[in-house]
Amino acid sequence: MAAASGELPVVDLAPFFSRDDKGGMARAMEAMREACQTHGFFRAVNHGVPAELMGRALELSAAFFALPDEEKAKVRPAAVKAAHLPAGYARQPPHSADKDEYLLWLDPKLGFNVYPAEPAGFRAAAAECYGKLTELGLLIQEMLNECMGLPPGFLSGFNSDRSFDFMAALRYFPATEEESNGISAHEDANCITFVIQDAVGGLEVLMDGEWVPAEPDDDDDSIIVNIGDVIQVLSNNKFKSATHRVVRKKAVHRHSFAFFFNIHGDKWIEPLPEFTTKIDQPPRYRGFFSNDYQQLRLRNKTHPPAKPQDVRITHYAI
Ligand SMILES: O=C(O)CCC(=O)C(=O)O
Ligand SMILES: [Fe+2]
């Protein structure tokens with residue numbers, strides 16, 4: 001039986017905006033450490049992203065995906081540029097177990113993005129969300145640095161280049177009688193992921209062998225946060241990359257946004273000394289370039305081998 005969504009740990013970030021409630025900051029830090037060491041998943045409240053912006057962006061996204069397929073297909077870059085991921089609209093290929101379509105954008109400053117002309121306001125909302133979620137990513141990274149017991153400012157120095165972050169608007173198709181998979185069980189390859197979602201529900205996280213719904217409560221403007229593979233490797237498995245999936249619901253489309261706070265592709269990722277040599281623990285992973293792993297995962301999705309296999313971080317496990 002699935003557990004109630006109330007069981008998802010909550011981290012209240014309000015004290016980090018006022019900066020005068022030391023007790024509240026310590027409580028948030030403790031809740032986050034506990035969540036990240038057990039399942040890598042929590043609900044952030046008072047996170048600094050305006051509820052009005054989240055609601056507006058979800059409405060605009062729904063209006064975009066409701067357009068005819070020919071219109072959506074126009075949102076592709078005119079020329080292939082050297083971005084680490086292709087910006088624009090795409091739909092999962094028919095052979096994929098994932099049943100969604102999405103619109104992807106990178107940091108607007110990089111100049112790779114393409115936006116739908118319709119609905120008006122989409123571009124502004126997309127850029128605004130990107131900026132706010134970047135700020136939230138920097139805050140969570142700073143908190144994580146402390147939770148992990150790293151020297152002050154280590155992660156922000158190690159991961160100072162923001163050009164590999166990206167964001168997607170997703171729409172999941174209604175479930176059929178036969179099947180309801182939205183996105184199969186997976187872990188995210190990046191550092192920290194943020195999910196904003198409509199009221200439909202369907203996101204689930206694996207906790208102690210049970211799928212726990214990470215759905216919005218009534219009138220909820222929380223953001224779901226999960227830890228990704230890069231943090232799991234740096235911490236030598238002390239912090240968990242969350243296993244999660246999306247299950248489709250009947251008769252409705254589900255809309256969400258996922259913001260992937262990532263790390264530059266040229267960064268070498270391996271367990272840090274704080275989690276290995278300094279505490280006399282063997283590394284659980286061999287090192288790799290971040291982009292090699294991300295490209296491996298991407299290729300596996302877009303050009304699945306004859307015998308499809310999941311590419312997971314266990315690929316680098318020792
Ligand atoms: O749509 C969601 O709620 C989650 C999407 C997700 O897990 C992903 O894109 O990696
Ligand atoms: Fe994910």
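The following legends describe close-up views of a predicted model of a protein and its ligand.

**Figure 1. Overview of the protein.** The secondary structure of the protein comprises 8 helices and 14 strands. The C-alpha trace spans about 55 × 45 × 45 Å along its principal axes. The radius of gyration of the protein is 19 Å, which agrees with the value near 20 Å that a compact globule of 318 residues would have. Of the 318 residues, 39% count as buried. Among contacts between residues at least 6 apart in sequence, 75% join residues at least 24 apart.

**Figure 2. The open sheet of 8 strands.** The strands of this sheet follow the order S1-S2-S10-S7-S12-S5-S4-S3, and their pairing is mixed. Strand S1 (10–12) and strand S3 (88–91) form the edges, each pairing on one side only. On average, and with direction ignored, neighbouring strands of this sheet are turned by 25 degrees against each other. Within the sheet, strand S2 (residues 41–45) and strand S10 (residues 223–227) run antiparallel and are joined by 4 bridges. Phe-42 has Val-225 in S10 as its bridge partner.

**Figure 3. Two helices that lie across strands.** Helix H2 (residues 22–38) lies across S1, S2 and S10, and runs at about 150 degrees to S1. Helix H3 (residues 51–65) lies across strand S4 (100–106), strand S5 (166–172), S7 and S12. The direction of helix H3 is at about 115 degrees to S12.

**Figure 4. The open sheet of 4 strands.** In this sheet the order is S6-S11-S8-S9, with antiparallel pairing. The edge strands, S6 and strand S9 (210–213), each pair on one side only. Neighbouring strands of this sheet are turned against each other by 30 degrees on average, direction ignored. Strand S8 (residues 203–207) pairs with S11 over 3 bridges in the antiparallel sense. The bridge partner of Leu-203 in S11 is Val-246.

**Figure 5. The surroundings of ligand 1.** Which residues surround ligand 1? They are Leu-170, Ile-183, Asp-188, Val-195, Gln-197, Leu-203, His-244, Val-246, Ser-256 and Ala-258. The shell consists of 6 nonpolar, 3 polar and 1 charged residues. At least two residues of the shell come from each of strand S7 (192–197), strand S11 (244–247) and strand S12 (254–261). Leu-203 and Val-246, both in the shell, are also bridge partners.

**Figure 6. Gly-182 and its contacts.** Gly-182 is located in strand S6 (residues 181–186). Is this residue buried or exposed? Gly-182 counts as buried because it has 23 C-beta neighbours inside 10 Å, and the criterion for burial is 20 or more. Residues up to four places away in sequence being left out, Gly-182 touches Asp-98, Lys-99, Asp-100, Tyr-172, Gly-202, Val-246, Val-247 and Arg-248. One of these contacts, Val-246, also belongs to the shell around ligand 1. Arg-171 is 11 residues from Gly-182 in sequence, and the C-alpha atoms of the two are 9.5 Å apart in space.

**Figure 7. Arg-76 in a loop.** Arg-76 is found in the loop between helix H4 (69–73) and S3. Arg-76 is partly exposed, since 13 other C-beta atoms lie within 10 Å. Apart from neighbours within four places in sequence, Arg-76 is in contact with Gly-88, Tyr-89 and Val-114. Arg-76 and Tyr-89 are 13 residues apart in sequence, while their C-alpha atoms are 6.1 Å apart in space.

Figure 8. Most residues other than glycine have a negative phi, and most peptide bonds are trans. Arg-19, which is not a glycine, has a positive phi of about 60 degrees. This residue lies in the loop between helix H1 (15–18) and H2. Arg-19 is exposed because 9 other C-beta atoms lie within 10 Å, and the limit for an exposed residue is 12 or fewer. Asn-236 also has a positive phi, near 55 degrees. Asn-236 is found in the loop between helix H7 (229–234) and S11. With 20 C-beta neighbours inside 10 Å, Asn-236 counts as buried. A cis peptide bond joins Glu-118 and Pro-119, with omega about -5 degrees. Pro-119 is placed in the loop between S4 and helix H5 (122–147).

Definitions and conventions: Residues are numbered from 1 along each chain as its sequence is written. Chains are lettered from A and ligands numbered from 1 in the order in which they are written. This is a predicted model: local features need pLDDT of at least 70, side-chain atom pairs count only at pLDDT 80 or more; totals for chains, interfaces and linings use all residues. A residue is near a molecule or strand if its C-beta atom, placed from the backbone, lies within 6 Å of it. Ala, Val, Leu, Ile, Met, Phe, Trp, Tyr, Cys and Pro count as nonpolar, Asp, Glu, Lys and Arg as charged, and the others, Gly among them, as polar. Two strands pair if DSSP finds at least two bridges between them. Axes are lines fitted to C-alpha atoms, for helices over the stretch in contact, and angles run from 0 to 180 degrees between N-to-C directions. Two residues are in contact if their C-beta atoms, placed from the backbone, lie within 7 Å. The radius of gyration is taken over C-alpha atoms; the globule rule is 2.2 Å times the number of residues to the power 0.38.
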